[in-house]
Amino acid sequence: MNILVTGGAGFIGSNFIRYWLTEHPQDVITNLDALTYAGNLASLKDVEVNPNYEFIQGSILDAELVGQLVETADRIVHFAAESHVDRSILGPEAFVETNIRGTFTLLEAARKKKIPFHHISTDEVFGSLELGSSAKFTEHTPYQPNSPYSASKAGSDHLVRAYHETYGLPVTITNCSNNFGPYQHPEKFIPRMITDLIDGGTVKIYGDGLYVRDWLYVQDHCRAIDAVLTNGKNGETYLVGGMSQDISNKDIALKVLEIMGMSEDKITYVADRPGHDRRYAVDWTKIHDELGWQPEHSFEEWLKETVEWYKNNQSWWRPLKEKAESIYK
Ligand code: NAD
Ligand code: DAU
């Protein structure tokens, strides 16, 4: 099978390509990535030598290029996006362009060739849950996005669904919770905290720090996408989440400080993110019951592994770090 992966030089995409070529060595992957600030070929150094892997630098907004690449593809797995909520607040336009128009461009090409389209989306499209409640997002939760990022992802989800309903395009969608693990850009919470601490800085906690995410190790997300690509039902959405059990940002910071042998005085409370969603929690019963998926990597153990990875791979993140911090100045 020839798979056209978009955004494969990013965090989850690069982990996915490495995962897929290991688990499905007979398949061929073409990685279309624009190499924005978030795309990094250093994340795929070990994969470059694989004869079943090809990299194409280009944008999902380039209809001609996308059309050519789709000619030889058997399916599309679409990761490419502007992915950082803080950036979407500072400059929403790129999010509308890439996440909505970019997805539209790919869907048009997929429709002409009639090939299956898997869309990688986020739990953020469902909005925010109340702190302290036991409610979780399910496949039936209404969309209520609160940031330009999540609104643009919601728009892309709706387009994917519409192409299935209107044109009969074979599609699947996964809406996943917060990922963590190797090759995550240092602008995101966990790597930002680890890399700041390695450099002698402090952890920046937004607002009161009592915000809750449903953390999932990135390898488990790749396994979930595999389960859907292999056995998922055409036209269906699957929610994917972790087992971090309502841990607050402040408690994650305390865990990282403990792992790194540091104390709470390294925490700095900074201005809150506008429109900050209080709590996310995902009910992943459907993908478990129908496709046999569940998370395998515990939050505690793989947070430690992630700290180690950032300690041991400073040449990967150092070139990205300064630029990442400049958005907060
Ligand atoms: P990322 O920001 O690390 O990577 C995005 C990649 O897309 C980069 O390599 C970038 O160069 C590429 N890209 C951006 N615009 C492009 C364009 N116009 N054409 C081609 N490539 C382009 O993002 P990520 O964290 O790996 O997220 C990947 C996908 O997963 C996104 O769709 C995101 O919404 C979704 N998602 C992320 C998380 C998470 O916790 N990180 C959770 C759920 C869903
Ligand atoms: O839920 C899935 C989403 O998770 C993905 O769709 C997004 O692409 C991904 O970026 C992530 O979004 P979040 O906004 O939840 O992730 P972020 O790492 O930016 O922030 C996680 C939490 O930590 C959030 O409550 C904001 C807070 N935060 C973040 C940063 C960068 C801090 O307190 N301090 C920080 O420095």
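**Two ligand sites in a predicted model**

Let me begin at ligand 2, where a backbone N or O atom of Tyr206 lies 2.9 Å from an oxygen atom of the ligand, a polar contact being a pair of N or O atoms within 3.5 Å. This is a predicted model, in which local features need pLDDT of at least 70 and side-chain atom pairs count only at pLDDT 80 or more, while totals for chains, interfaces and linings use all residues. Residues are numbered from 1 along each chain as its sequence is written, ligands are numbered from 1 in the order in which they are written, and side-chain values use heavy atoms, without hydrogens or water.

Taken alone, ligand 2 exposes 680 Å², of which the protein buries 94% (Shrake-Rupley method, 1.4 Å probe). The shell holds 24 residues, counted when a heavy atom lies within 4 Å, and strand S8 (203–206) gives the largest share of them, three residues; strands here are DSSP runs of E with at least two residues, and helices are runs of H or I with at least four.

Turning to ligand 1, 28 residues surround it, and the closest are Ile12, Asp33, Ser83, Tyr149 and Lys153.

How values were computed. Polar contact = N/O pair within 3.5 Å; in protein donor to acceptor, adjacent residues only side chain to side chain.
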